[in-house]
Amino acid sequence: MKNVFILGGTGLLGYHTVRELLKRDYKVSTVALPPMPAPELLPPEVECHLGDINEMTDEQILDILAGKDMFIYAAGADERMVPEIPATHFFYEANVIPTQRLARLARAAGVKKFVIYGSYFAHFAEEWPELNLKKQAYPRTRLLQEEIAFMEGEGQMDVMSLRLPYIFGTMPGRTPLWAMFLPQIQGKEIVPVLGGGTAMVTVQQVAEATIGALEYGKHGEHYAISDTNMKHKDFFQMIADELGQKETVVQVVPIEQIKPAMAQYDEKTAAEGKEHGIHQAVTAEIQNRDAYIDPNDTMPLLKYNKADIRQAIVETIERCLEDTKINM
């Protein structure tokens, strides 16, 4: 039986990955931040430690990793965080330094496979050099996170990165992060969006792709996974429909109409001493493009299955609405 450690096993992606690992007869242990989001979230056969791994000593971590064959890094800060200036320092400390330390300790403990949950912004930083995304704090540090982990594993431990796009799904005890989109649409007659689109997957597909990376991945490879590519207009229309706003018009507007306001927002944020990991004016440029990924590039390699993305979106938004009512 293969023995897997997952950092962040009580988060959305970690939870579904734990479930899929158990279905495939892996032995699973995890360290996750307290509190447990729901009673009896994980089955008793999962060895679960609640705590901050970054506050543990090297010796404590080596004890936890003793006898583990594989490590899944399902933790870290994403681009929604708006830290104090400079954002690069925040994301470096949040994502790069812990990954380097844990990859080093995993290698020392004899772990042979190490998978990072990364971001598709790293993929598009390479695909769209004209946007200079490598100079933006979030994609810059995501790329560095991958490279440092690859170098830590070189010759002894296979390290792979999953570059994740928009993800849909639910779990017990946590409100989906997509709840943040609802105020942009609720009660609005017209909802402006830019003309681009995005790749999408479900939480189950992330879990399946993770195991695919563990079983079939090659050292130093980054896998940008996808199932469905969808225009932002269609995505927002789905949300409006779930809100019962059949008369809401989701309208594509030119970037020239939105980018100046986003640039002003960047200035306001900077005046408050904060900075986005991707500046809002740059985000506008991204959302005006099709951030699409061909699923055929990774699905056959990692052997994850097709999914009903539209149904996953509906279930996710329904859960957001349920939790919003409960918390009102």
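Q: Which residues are buried in α1?
A: This is a predicted model. In helix α1, the buried residues are L13, G14, Y15, H16, T17, V18, E20, L21 and L22.

Q: What makes α1 largely enclosed by the rest of the structure?
A: The count of buried residues does. Of the 12 residues in α1, 9 are buried, so the helix is largely enclosed.

Q: How do you know that the reach of α1 is close to the expected one?
A: Compare two spans. Helix α1 covers residues 12–23, and its first and last C-alpha atoms lie 17 Å apart. At 1.5 Å a residue, 16 Å is expected, and the value is close to that.

Q: Why is E20 called buried?
A: The cut-off for buried is under 20% relative accessible area. E20 has 6% relative accessibility, so E20 counts as buried.

Q: Why is K23 called exposed?
A: Exposed needs over 50%. K23 has 61% relative accessibility, so K23 counts as exposed.

Q: What makes the contact of E20 and K23 a salt bridge?
A: The N to O distance. A salt bridge needs a side-chain nitrogen of Lys or Arg within 4 Å of a carboxyl oxygen of Asp or Glu. For E20 and K23 the value is 3.2 Å, N to O. The pair therefore meets the cut-off.

Q: Why are E20 and K23 separated by about one helical turn?
A: Because they are 3 residues apart in helix α1. An α-helix has 3.6 residues a turn, so residues three or four places apart point the same way.

Q: Which residues are linked with E20 in a network of salt bridges?
A: K23 and R24 are linked with E20 in that network. The whole structure has 15 salt bridges.

Q: How do you know that R319 and D323 form a salt bridge?
A: Their side chains meet at 3.1 Å, N to O. The limit is 4 Å, so the pair qualifies. Both R319 and D323 are buried. They sit 4 residues apart in helix α11 (residues 309–327), so about one helical turn separates them.

Q: Why is R142 called buried?
A: Its relative accessible area is 5%. Buried means under 20%, so R142 is buried. R142 is in helix α5 (residues 137–153).

Q: Why is strand β9 called largely enclosed?
A: Because 6 of the 6 residues of β9 (residues 197–202) are buried.

Q: How do you know that β9 pairs with β7, β11 and β13?
A: Pairing needs at least two bridges. Strand β7 (residues 166–168) is joined to β9 by 3 bridges, in parallel. Strand β13 (residues 290–291) and β9 share 2 bridges, also parallel. Strand β11 (residues 228–231) and β9 share 4 bridges, antiparallel. Each count therefore meets the cut-off. Y166 stands opposite M200. G197 is opposite K231 in β11, and its bridge partner in β13 is D290.

Q: What makes β3 and β10 the edge strands of the open sheet?
A: The sheet has 7 strands in the order β3-β2-β1-β4-β5-β6-β10, with parallel pairing. β3 (47–50) and β10 (222–224) each pair on one side only. The twist from one strand to the next averages 15 degrees.

Q: How do you know that β1 and β2 pair?
A: Strand β1 (residues 3–7) and strand β2 (residues 27–32) share 5 bridges, in the parallel sense. At least two are needed, so they pair. F5 stands opposite S29 in β2.

Conventions. Residues are numbered from 1 along each chain as its sequence is written. This is a predicted model: local features need pLDDT of at least 70, side-chain atom pairs count only at pLDDT 80 or more; totals for chains, interfaces and linings use all residues. Side-chain values use heavy atoms; hydrogens and water are left out. The expected span of a helix is 1.5 Å times one less than its number of residues. Buried means under 20% relative accessible area, exposed over 50%, partly exposed in between (1.4 Å probe, protein chains only). Axes are lines fitted to C-alpha atoms, for helices over the stretch in contact, and angles run from 0 to 180 degrees between N-to-C directions.
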